[in-house]
Amino acid sequence: MSRTVADLPFDGARRYGALPALRYKRGDSWQDQSFADLAGTVRAIAGGLVETGVSPGDRVCVLGETSPEWTQIGLGVIAAGAVVVPVYPTSSVLEREWIVSNSGAKAVLEPSPSTVERLATGGWTGELERRRAAIDPDDPCVIIYTSGTTGPPKGCVLTHRNWLALCHITEELSYVTADDVVYLFLPLAHVFAQLVQFGALYSGATLAYFGGDLRRVVAELAEVRPTFLPSVPRIFEKLHTALAGRVDAATVRGAFGGRLRLALSGAAPISLAVLEYFHAVGVPVVEGYGMTETTGCGTVSTLDRHRLGTVGVAAPGVSIRLAEDGEILMAGPNVFAGYWQDPEATRESLVDGWLHTGDLGTIDEDGFITITGRKKDIIITAGGKNVAPAELENQLRQSRWISQALVYGDRRPYPVVLLTLDADEIVPWARDHGLPTDLAALAAHPQVRDRLQALVDAANERVSRPARIKRFAILERDFTLEAGELTPTLKLKRAVVHANHATVIEELYGSA
């Protein structure tokens, strides 16, 4: 039993030996690294870090795409007694500078074969053993900076104890087992991917790494044939759009490689219609709920116990209750140690041992939890009506024609919505109907507007009258990471969208 995360690769070598720990593509072929070889690489990298002057407790940033080298270097940092600070490769220069400065990072490493080769000098075995033995389970292990939908990112301090508690949960629920092949294309700068990575190492599963080209995800699924697929909702939604016309369940299952035992959606809300579709064709997709501050886990769903439309029940050892205003409060071994060098924010979030999540929800008589929105996202119209935008946005994003939807209306007479077109769907349709294939032209085309008006009308029928959309605009482009409108896990940065499209929003209220 591992005492800290620093023990994971070495305990894995003893328990799983020659079994494949990592699987990755080089050229046209997939290669494996065994648990025993992974431990050797981690030990060599840790020795190299000691040699370059990295001391226990130092923070080391790892900046790069998901890859086996990311895992090897991250584990090497931890084995050297230091703390991993992941950085999204899509982060802006200012965001990177803030994270490096705020964390006081000793070094910034880019995961690549050449970096591993440069670091993996070996040696220092006695020093590494002393450092590993000196780590306290409550010491910081990984500091993950929040996506920063509002304000600068805050560093969430996640301890060795936090991560091992999650490893025990994944084992208890059989999310990941020694027979599993896990397809990992989530960004390792995100807590969800880190959780999957550590859980797989703990349980003896094989991590198969995304090759880096989103256009090849479906092809890689067919090659890897995963048994467990953790993902953000947007991937399932895109697959649903591509596959929904097929009635042959075997064909749909084949798109995932034909061996999928369980798929887990997290990091953002997913449409109920998407979940119902996949369950109907025999592809079990369940939801969980967590945040960086809860080490990526708080509620869980399993094949034996799930209810579509909910995020499941409290994870083993986790306590959940609702505040008077419906905010979800959480306590347990999954809750973080606090924000790095920000005691004021920590005091606001952690009150008497309970994390105030900022999410609103309900709990039914069987303990199933439904997320109804974010406290900060609640719209209060000029008439004093409270509107939770998530339900309408999810309804609209179910359409094959719509990529993103953002509802606006705080202190305004009525809600409006900004819509973006799904180029993969709308352009082929336009070509078949003799329409322009330029997104800007399509956004202004009467036929497209009529089609989206029908979708808005249908979505409005599902919500109360004060929450209904009165007007909408179709933007000439999609929301993007580059424009700062999306987080790396494709959640909307509402304030940025509002600022970037302020003129369009004002025009929607022009004659109000």
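Analyst: What follows covers the aromatic pairs, a cluster of rings, and charges placed over rings.

The model is predicted. A search of the whole structure finds 12 aromatic pairs. One of them joins Tyr175 and Phe228, with ring centres 6.4 Å apart. The planes of Tyr175 and Phe228 meet at 15 degrees, which is under 30 degrees, so this pair counts as stacked. Tyr175 is in the loop between helix H7 (160–172) and strand S8 (181–184), while Phe228 belongs to strand S10 (residues 228–231). The two residues are 53 residues apart, and their pair links distant parts of the chain. Tyr175 and Phe228 are both buried.

Another pair is made by Phe185 and Phe210, whose ring centres are 6.0 Å apart. Here the planes stand at 70 degrees, so the pair is edge-to-face. Phe185 is found in the loop between S8 and helix H8 (191–203). Phe210 is in the loop between strand S9 (206–209) and helix H9 (217–224). The pair therefore ties together parts that are 25 residues apart in sequence. Phe185 has 10% relative accessibility and so counts as buried. Phe210 is buried as well, with a relative accessible area of 12%.

Rings also form a group: Phe236, Phe256, Tyr277 and Phe278 make up one aromatic cluster.

Charged side chains meet rings too. The charged end of Arg15 sits over the ring of Tyr202, 5.6 Å from the ring centre. Over the ring of Tyr339 sits the charged end of Lys154, at 5.0 Å from the centre of that ring.

Note on methods
Residues are numbered from 1 along each chain as its sequence is written. This is a predicted model: local features need pLDDT of at least 70, side-chain atom pairs count only at pLDDT 80 or more; totals for chains, interfaces and linings use all residues. Side-chain values use heavy atoms; hydrogens and water are left out. Rings of Phe, Tyr and Trp (its six-membered ring) pair if their centres lie within 6.5 Å; planes under 30 degrees apart count as stacked, over 60 as edge-to-face and the rest as tilted. Helices (H or I, at least four residues) and strands (E, at least two) are DSSP runs, numbered from the N terminus. Buried means under 20% relative accessible area, exposed over 50%, partly exposed in between (1.4 Å probe, protein chains only). A charge sits over a ring if NZ of Lys or CZ of Arg is within 6 Å of the ring centre and within 35 degrees of the ring normal.
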